[in-house]
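Morning, everyone. I have one structure to walk through today. Please have a look at it first, and then I'll start with a single residue.

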Amino acid sequence: MPSRDATTHWTGGLQKGKGEVTLDSSNLGTYEVSFPTRAGDPDGRTSPEELIAAAHSSCLAMNLSGVLESQKLEAEYIDVSAEVTLGPADGGGFEISGIAITLRAKLDGVTADQFAELAKTAERTCPVSKALSGTTITLDAALA
């Protein structure tokens, strides 16, 4: 499997500094980042937490489609949102204090309980969920 990469160029200190993160592998673009917009109003800038949310939601959607396919099922659609929260860490600094996943899918042929189990399996085996296992991840999964 290939690796993917991104690069960040930063100038200045934490509060007044700024940076640009470039998505190198896909060449999709360069995006401005700063700590004030990370900790407050995004003002048109992204943040590490938003990028993690994008990675987590897209990975989980793909992984759920694979879990369903292994059961000979296919959803009409899968919608996943991830809300990544930045908070103060014990001992100073900051940490990702939680990730709230909301998953909805339109899928015929399964009960709500069966779907909940399939969604739990997908979350547990999702590569990004595994990488983020040091934080609390909650899953709200339901049929649409």
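Gln-15 first. Setting aside neighbours within four places in sequence, Gln-15 is in contact with Phe-35 and Pro-36; contact here means heavy atoms within 4.5 Å. Gln-15 and Phe-35 are 20 residues apart along the chain, yet their C-alpha atoms are separated by 6.0 Å. Where does Gln-15 sit? In the loop between strand E1, 6–11, and strand E2, 18–23. Helices and strands are DSSP runs numbered from the N terminus: H or I with at least four residues for helices, E with at least two for strands.

A word on the source. This is a predicted model, where local features need pLDDT of at least 70, side-chain atom pairs count only at pLDDT 80 or more, and totals for chains, interfaces and linings use all residues. Residues are numbered from 1 along each chain as its sequence is written, and side-chain values use heavy atoms, with hydrogens and water left out.

Now the whole chain. The protein chain has 4 helices and 6 strands. From the N terminus on, the order is β-β-β-α-α-β-β-α-α-β. There are two domains: domain 1 covers 6–39 and domain 2 covers 48–143. Those bounds come from an automatic or database domain assignment. The C-alpha centres of the two domains lie 26 Å apart. Along the principal axes, the C-alpha atoms fill a box of roughly 55 × 35 × 25 Å.

Next, strand pairing. Two strands pair if DSSP finds at least two bridges between them. E4 and E5 form a hairpin with 5 residues between them. Gly-91, in the turn, has a positive phi of about 90°.

What about the E5 pairing with E6: parallel or antiparallel? Parallel, with 7 bridges to strand E6, residues 137–143. Here Ile-101 stands opposite Leu-139 in E6.

Last, burial and surface. Of the 144 residues, 30% are buried, meaning under 20% relative accessible area with a 1.4 Å probe, protein chains only. The protein chain exposes about 9,100 Å², and carbon and sulfur atoms supply 51% of that. Those areas come from the Shrake-Rupley method with a 1.4 Å probe. Finally, among contacts between residues at least 6 apart in sequence, 49% join residues at least 24 apart.

That's my tour.

Key:
Buried means under 20% relative accessible area, exposed over 50%, partly exposed in between (1.4 Å probe, protein chains only).
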